[in-house]
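The structure is shown first, and the account follows.

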Amino acid sequence: MYWQKDIETMKRSDLERLQLERLRYIVDYCYNNVPFYHERLKKAGVTADKIKTLKDIEYIPYTTKDDIRENYPFNMFAVPMRKVARVHASSGTTGKPTVVGYTKNDLDMWADTVARICVAAGATEDDIAQISFGYGLFTGALGLHYGLEKLGACVVPVSSGNTQKQIMLMRDFGTTLLISTPSYALYLGEVIKEMGIDDLKLRVGLFGGEGCSKDIREQIEKTLGLFATDNYGMSEIIGPGVSGECQQRCGLHINEDHFLPEIIDSETGQVKERGECGELVVTTLTKEAFPVLRYRTRDITKLDYDTCKCGRTLVRMAKVMGRSDDMLIIKGVNVFPSQIESALEGVSHIGPHYQLVVRRVNARDTLEVKVELVDGELLEKFSELEQLANMIRNRLHSILGLDAKVTLVEPKSLERFEGKAKRVLDLRGENPKSEC
Ligand code: DLL
């Protein structure tokens with residue numbers, strides 16, 4: 001099933017023709033309407049005329065999150081405020097947020113791109129969709145809300161938190177679609193299992209806003225009895241609706257007629273060959289209020305241009321492997337939280353909950369990995385416990401090349417999250433930093 005079949009299955013050569021036409025248009029539009037881009041493009045000597053092929057995008061300088069922050073709140077908008085129908089902001093917790101705006105046309109396009117990913121995941125107009133993202137400046141809730149409404153599903157805007165009430169409504173309303181972060185879905189599943197509830201009608205989960213390991217996905221599917229799909233986006237580009245998995249679950253289809261992706265080397269800024277792994281960079285091709293040229297997402301992934309089994313020709317991005325700025329440097333070793341997840345994958349007796357604590361002791365960095373047990377009885381069996389901790393330590397060592405202290409903790413003792421998870425506690429330096 002498709003939402004806009006003609007676009008979703010378009011021949012690549014036609015799609016690329018459309019992208020080039022739109023790219024030339026948006027460069028011209030930014031040059032004429034956004035002082036920030038006028039300056040940048042002028043300095044780089046780029047006008048629409050210079051863009052003759054899609055590869056010529058490389059003449060355009062990158063845009064970073066700092067550029068947007070420095071233009072807080074509305075200086076990068078391309079239209080006067082009376083044309084702006086809504087604003088949202090990034091989910092960052094420190095400093096000024098990055099503020100983004102939408103015209104009525106942008107909101108309409110946003111709803112279509114979200115409807116596409118929902119239909120690709122299996123949503124239909126017969127569904128009852130419970131939105132458990134927090135409503136507000138975060139793009140997750142309202143983004144999914146209007147996309148699902150547009151496709152004709154019945155939307156239940158519960159927002160985040162109040163887990164008991166979420167579950168009551170889920171049963172009473174016969175909710176069939178759950179929309180949340182994977183972390184919250186994991187928690188909901190735990191509570192539902194504890195309560196012994198087995199009469200839910202959940203069918204499909206549309207999870208996004210953060211990454212999710214294979215183990216976490218399996219556990220969510222088991223406890224909630226649904227088919228879990230991943231969708232991706234960021235407020236600077238539009239919010240959710242940038243890409244999402246179809247039922248084949250072999251990559252997230254990017255809505256390429258609106259968002260042009262590239263993969264670059266994070267360190268050098270060089271564009272990578274097709275199929276190589278690196279940082280995703282996105283250019284918006286059609287946005288009116290807040291167009292962005294070559295936005296550096298910091299998310300690490302790769303692109304697959306082969307036609308998918310579902311028939312969609314839209315390029316597929318691999319599940320996000322981590323963020324280049326999530327990288328911790330511990331004793332000079334680069335560590336990504338996703339590496340820890342892969343070390344824990346498939347180990348018995350432990351659940352999917354973990355926390356990384358980084359400290360500086362006597363001028364040396366230390367890493368402690370706290371891992372939650374599924375069964376508290378193991379805490380009494382010292383030799384088994386030690387064996388398990390050693391096994392995890394060895395796995396971590398072989399993946400990271402680093403010695404970590406492994407602490408096995410009681411079931412349900414680590415924090416649970418209603419929104420995006422925060423699993424890293426960096427206690428080095430004067431300002432302890434916690435990141436997701
Ligand atoms: O998280 C938009 C969104 C909401 C997407 C709901 C999907 C569903 P921001 O708050 O601006 O926007 O955060 C964007 O979150 O650069 C990624 O690092 C991360 N992220 C979002 N979705 C995924 C995902 C929304 N499916 C940042 N997998 C992005 C991995 C994700 N990371």
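Axes are lines fitted to C-alpha atoms, for helices over the stretch in contact, and angles run from 0 to 180 degrees between N-to-C directions. Helices (H or I, at least four residues) and strands (E, at least two) are DSSP runs, numbered from the N terminus. The model is predicted, so to speak of local features pLDDT of at least 70 is needed, while side-chain atom pairs count only at pLDDT 80 or more and totals for chains, interfaces and linings use all residues. Residues are numbered from 1 along each chain as its sequence is written, and side-chain values use heavy atoms, with hydrogens and water left out.

**Helix packing**

Helix α10 (residues 337-344) packs against helix α11 (residues 382-400) at an angle of about 135°, and their axes are 9 Å apart.

**The ligand site**

Around the ligand there are 20 residues, of which D230, N231, S235, D299 and K420 come nearest; a residue counts as near if one of its heavy atoms lies within 4 Å. Strand β7 (227-234) and helix α6 (139-151) each supply at least two residues of this shell, and the largest share, 5 residues, comes from β7.

| Residue | Protein atom | Distance to a ligand nitrogen atom |
|---|---|---|
| D230 | polar side-chain atom | 2.7 Å |
| G209 | polar backbone atom | 3.1 Å |
| E210 | polar backbone atom | 3.3 Å |

Taken alone the ligand exposes 610 Å², and the protein buries 93% of that, with accessible areas computed by the Shrake-Rupley method with a 1.4 Å probe.

**Backbone positions**

Most residues other than glycine have a negative phi, and most peptide bonds are trans. The peptide bond from Y72 to P73 is cis, with omega near -15°, and P73 is found in the loop between α4 (65-70) and β1 (86-89). N162, in the loop between β4 (154-156) and α7 (163-173), has a positive phi near 50°.

Technical notes:
Polar contact = N/O pair within 3.5 Å; in protein donor to acceptor, adjacent residues only side chain to side chain.
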